[in-house]
Amino acid sequence: VEREVRLTAYRQFPSLGWGVVVHREKSVALRQGWILIVVSSGAGLLLTGALTVLGTVAVRNQRKMVTALATLEDRNRSLVETGKGLREANAFLDSVLENIPNMIFVKEARELRFVRFNKAGEELLGYSREDLIGKNDYDFFPKKEADFFTAKDREVLRGGTLVDIPEEPIHTRHQGTRVLHTKKIPIPDEAGRPRYLLGISE
């Protein structure tokens, strides 16, 4: 307090950061961080009542804000946990695919380009997945073989059912010609249209 004064009435409103001084003199006691409003006795009663209402509203608004922030924090935590769960599920599926001893590949339905290849497939064909992803059969195999693979792929996508190919000759990079038993399955989108083709070869 910088200066002491004689007050008829004084009231603070912490939620607003205001103080009301009701007295007849014009001298004011200044307090750090507070706004002191000097009024006459009659007006002071009205102003004090009004500020009391404002203070209550401010407190309620602060409580609502705290509740809203807490709700947002809960939602954010839930999203983080959901994202963590999805990452763990994807990591598990990746681990399963990588450890299956048969070649597993996925092609997109439109141009039949590879979008997924597992470790067994890399070892069998002699190409890394980096070489395979985004390419199609014509980029790696003789035209006759590529025509056969593509025809079977289209048959699967048109029919919408699994196609079993008991014997499928294929040229590999380091192991010569191998004869595979391959099963091809269409993977539909939400509307039921073929989106991917899944192949499993042994």
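## Report on the predicted model: surface, core and side-chain pairs

Pro166 is exposed, with a relative accessible area of 58%; the classes are buried for under 20% relative accessible area, exposed for over 50% and partly exposed in between (1.4 Å probe, protein chains only). This is a predicted model, in which local features need pLDDT of at least 70 and side-chain atom pairs count only at pLDDT 80 or more, while totals for chains, interfaces and linings use all residues. Residues are numbered from 1 along each chain as its sequence is written, and side-chain values use heavy atoms, with hydrogens and water left out.

Pro166 is placed in strand E6; helices (H or I, at least four residues) and strands (E, at least two) are DSSP runs numbered from the N terminus. Apart from neighbours within four places in sequence, Pro166 contacts Leu180 and His181, where contact means heavy atoms within 4.5 Å. The C-alpha atom of Pro166 is 9.8 Å from that of Ser201, a residue 35 places away along the chain.

**Nonpolar core**

The largest nonpolar core comprises 20 residues, and those with the most contacts inside it are Met103, Phe105, Phe117, Leu125, Leu132, Phe141 and Ile170. Such a core is a set of buried Ala, Val, Leu, Ile, Met, Phe, Trp, Tyr and Cys residues joined through side-chain atoms within 4.5 Å. Two or more residues of this core come from each of strand E4 (103–108), strand E5 (114–117), helix H2 (119–125), helix H4 (143–159) and strand E6 (163–171). Not counting residues up to four places away in sequence, Leu132 touches Phe114, Phe117, Leu125, Tyr127 and Phe140.

**Aromatic pairs**

The structure holds 7 aromatic pairs. Rings of Phe, Tyr and Trp (its six-membered ring) pair if their centres lie within 6.5 Å; planes under 30 degrees apart count as stacked, over 60 as edge-to-face and the rest as tilted. The rings of Phe105 and Phe117 are stacked, because their centres are 6.0 Å apart and their planes stand at 25 degrees. Phe105 belongs to strand E4 and Phe117 to strand E5, so this pair ties together parts that are 12 residues apart in sequence. Phe105 is buried at 6% relative accessible area, and Phe117 is buried at 2%. Phe140 and Phe141 form a tilted pair, with 6.4 Å between centres and 55 degrees between planes. Ring pairs also link Tyr127, Phe140, Phe141, Phe148 and Phe149 into a cluster.

**Salt bridges**

The count comes to 11 salt bridges, each being a side-chain nitrogen of Lys or Arg within 4 Å of a carboxyl oxygen of Asp or Glu. Examples are tabulated here.

| Pair | Closest N to O distance |
|---|---|
| Asp94 and Arg116 | 2.5 Å |
| Glu111 and Arg113 | 2.7 Å |

In the salt bridge of Asp94 with Arg116, Asp94 lies in helix H1 and Arg116 in strand E5, so the pair ties together parts that are 22 residues apart in sequence. Asp94 is partly exposed at 33% relative accessibility, as is Arg116 at 31%. Arg193 is exposed at 53%, whereas Asp189 is partly exposed at 25%. A network of salt bridges links Lys107, Asp137, Asp153, Glu168 and Lys184.

**Nonpolar surface patch**

Phe92, Leu93 and Val96 form a nonpolar surface patch with about 300 Å² of accessible area together. Phe92 lies in helix H1 (residues 41–99) and is exposed, with a relative accessible area of 56%. Patches are made of residues with over 30% relative accessible area and no salt bridge, with like charges joined within 9 Å and nonpolar side chains (Val, Leu, Ile, Met, Phe, Trp, Tyr) within 5 Å. Accessible areas come from the Shrake-Rupley method with a 1.4 Å probe, and for residues only the protein chains shown count as cover.
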